[in-house]
Amino acid sequence: MKAGAIVKHVAGKLSQTAWERMGGMLWNFKGDFQNMEDKMVTLQVVLSYADKRSRGRGTDDDALAQHWLKKYKSVAYDIEDAMDELEGNATIWKRSPSKMRSIRLQLDSIAEDANKFNFLSSSASSTEQTNNERGRETYIGARDDIQMVGREREKKHILKLLQNHGDKEKSIIPIVGLGGLGKTTMAKFVYTLKESDEFRFDLKAWVYVSMDFKLEKVISDTISELDGRLPVKDATLHYLKSQLDKILYDKVYLIVLDDLWEESVHTLEELVTMLQSGKKGSKIVVTTRSEKVASTLSVVGSSHFHTVEPIKLEGLSDDECWSIMKPKNLGDDQITDFVDIGKEIAKQCNGVPLVAKALGYVMRKNCTREAWLEIKDSNIMDIKDDDKGILKGLLRSYHHMPPQLKLCFMYCSIFPKSRDIDHDSLIQQWIALGFIQGPDGQLQKIGIEYINEFLGMSFLNILTYLTVSSTRSFKPTHSLRMHDMVHDLARHVASNELSYTDGTENINTQWVKLNCNYLLLNQNKTLSTYIALPTNVRAISFRECDKLQLPQQAFSHTLYLRILDMSGCHVSKLPVSVYKLKLLRYLDASTLPISNLPKSLNLLLNLQTLILSNTSLNTLPTNIGNLQKLQYFNLLGCVSLCELPISFGNLSSLLFLNLASCHELHTLPEFFGRLNKLQFLNLSNCYKLHSLPESCSQLHDLAHLDLSDCHNLEEITDWIGNLSKLEYLNMSSCSKVQILPDPLCELKMLKRLDLSFCIKLEHLPSSIGDLRIETLDIEGCFFLRNLQRAFLVS
């Protein structure tokens, strides 16, 4: 129900609260806004019914409903653009009062059509809307707990193949099956096996391959996984082979190549040859959907590796799917009617664990007979599917998401398939689009709840085995990824909201015609070959556009742009037209070779997120403090940045600041304490930083402080005791710190304290044992003298 989600989102922006947030600007329009809000609220039930009709079997009435929904969604977007434009630049509206009147007339026409087309009937049910309004629970779970239902035969077989007695040849073990059947889960089961005499490997690497196969990248990523170095760019295969041979020499290794699609005999032969080093007993586990890939590997690898019959994953039984879906508090003897409905839904999973997990999560969230019946009887007709019906099963889960989650999920379609998604950046983009509503200081926490919802239904997965915390707004970021089938669903749901290219086609004319809201450029072509970017586009993302030459006026007509991610370009400066984007809220210029930014950056008055990580910046604009709405500022890896301008202290809305690895930063200015809303501060590896200003005592909301590898930092003074909300303090490898101040013991919220390798630290505060610290790391603190007395319980 994408249209419904969009309309509900926009109706919320028309509320009295939103009006007050704008300070009552242009009161002569308030009547228009209130009138439109009333109409949109009145049309909610009609909207729900029309949406269900639009998913019907293709009758004329169903087509009419689809057409009406499309018109309604378009007007909703116009209203949101008008609201944001009003807030961002009120002078536009003083000159153009007719625009809002025109939108209001369009909405009136849509309301009349709803009556004329008789969408609303007595049979329309508000069950879905009611269920969607329920509160969300936070899903928190350790991602290294590999849970598989069934597959006992396959597990026994693969364990036998993995047994390492030292006299077996190196082996390639293919795991084959359709998307969503659990190939990656089986590989994770193998990868996370506890070490024993039978399952012991000197080296392990997990490499995600994907459809976009590049041998150099696969080998570079393998090297990176094996020895921890950053992946090498633009290296020759000869160089990579020599490096890999050195690493694997005389080692028994386990390498997982996840999601291999490449079928070329020549290419796979090259891959196997690159990986042939290592001792007997080494294993390569390959997951693939293609039996041809598995058979080709057995042929090309026969001279170097033992040939293993592929492990073929079939669908689970209906009972196994039900065991995945069944709520824990619902016994087989209880509520027989529930069990019968649940087992009917389980049959619709067609044995696919991914579908069972997604539907099961929805059923647990909406545990009523009516909701389950609605899931069972869902009429999913609007999607082309594979033989297993996987997408249709996932679509059922999508249709039962709350409206805001639907928008967040749809937006994930802008990321290229099989690519990592940065956790914090994704949340900031949702915030920029207005998909997350609430008090400014709580938006990140709400975003984490949304992430956990998607984790719960397996629509997103965490790549690293970290637990997502719902208590802390910001944390060290980690990567997410969508299963390919889920990504296909996101692209289907987005439909004409998204326009994208993978570099193989020229969609010049399509861009002109499409009124898309999200645009992904993923190719190395010159933008000047295109006539224009879509004028109503809200988000543009560049990926792998290293050769792209952006005209200075490239963004002159994209006046409603909220998100601009240029991290995939290679421009030495941002086009001047960027600074005219009055509604821009999210700007990512990370990795660009830009050494400075112009003062006109201060024209982006609505900017909330600014990411300049790993750029060549040596200075920031002196008027940077004019960005009064900036909440998230990432300067990680700006190794040439030597100071912060005086106006930096005027960033009064800042919640997140990452200055990690700003190697030339010697001091923080005294005005730093004026950033009193700051929740997250990362200064790790600022190894020239010798002290922190006393004004840091004013950072009362700070929950996360990372000072690790600040090798020149000599002391932390009494001001630390004022950080009453501090939960995480990392001082690892602060090698000059000799003593910690007693006020540290006043930090009653402190949960994690890392003092590892503070090699000169001699004393801990005498009352540190009074703190309720969950994790204390003192590894490498060789000169601590009063440790036992400090933690002595009286």
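The model is predicted, so local features need pLDDT of at least 70 and side-chain atom pairs count only at pLDDT 80 or more, while totals for chains, interfaces and linings use all residues. Residues are numbered from 1 along each chain as its sequence is written, and side-chain values use heavy atoms, with hydrogens and water left out.

**Exercise 1. Get an overview of the chain.**

Find how many helices and strands the chain has, and what share of its residues is buried.

Solution. Start with the secondary structure: 25 helices and 22 strands. Helices (H or I, at least four residues) and strands (E, at least two) are DSSP runs, numbered from the N terminus. Next, take burial: of the 794 residues in the chain, 56% are buried. Buried means under 20% relative accessible area, exposed over 50%, and partly exposed in between, with a 1.4 Å probe and protein chains only. Last, turn to contacts, meaning heavy atoms within 4.5 Å. Of the chain's contacts with a separation of 6 or more, 60% are between residues 24 or more positions apart.

**Exercise 2. Describe how helix 11 packs on helix 12.**

Work out the angle between helix 11 and helix 12, then list the residues that make the contact.

Solution. Helix 11 spans residues 215-227 and helix 12 spans residues 237-248; they pack at about 30°, and their axes are 10 Å apart. Axes are lines fitted to C-alpha atoms, for helices over the stretch in contact, and angles run from 0 to 180 degrees between N-to-C directions. That makes helix 11 roughly parallel to helix 12 (angles under 35 degrees count as roughly parallel, over 145 as roughly antiparallel, 65 to 115 as roughly perpendicular and the rest as oblique). On the helix 11 side, the contact is made by Leu215, Glu216, Ile219, Ser220, Thr222, Ile223, Leu226 and Asp227. Helix 12 brings Leu237, Leu240, Gln243, Leu244, Ile247 and Leu248. Sorted by class, these are 9 nonpolar, 3 polar and 2 charged. Here Ala, Val, Leu, Ile, Met, Phe, Trp, Tyr, Cys and Pro count as nonpolar, Asp, Glu, Lys and Arg as charged, and the others, Gly among them, as polar.

**Exercise 3. Look at the loop between these helices.**

Is Asp234 buried or exposed?

Solution. First place Asp234: it sits in the loop between helix 11 and helix 12. Its relative accessible area is 82%, so Asp234 is exposed. Now look along the chain: Glu216 is 18 residues away from Asp234, and their C-alpha atoms are 8.3 Å apart.

**Exercise 4. Follow Tyr411 to Asn517.**

Find where Tyr411 lies and what Asn517 touches.

Solution. Tyr411 belongs to helix 20 (residues 403-411). With 1% relative accessibility, Tyr411 is buried. Not counting residues up to four places away in sequence, Tyr411 touches Gln429, Trp430, Leu433, Phe435, Tyr518, Ala539 and Ile563. Now step to Asn517, which is 106 residues from Tyr411 along the chain, with 9.7 Å between their C-alpha atoms. Asn517 is in the loop between helix 24 (508-513) and strand 11 (518-521), and counts as buried at 6% relative accessibility. Leaving aside neighbours within four places in sequence, Asn517 is in contact with Tyr77, Glu497, Asn536, Val537, Arg538 and Ala539.
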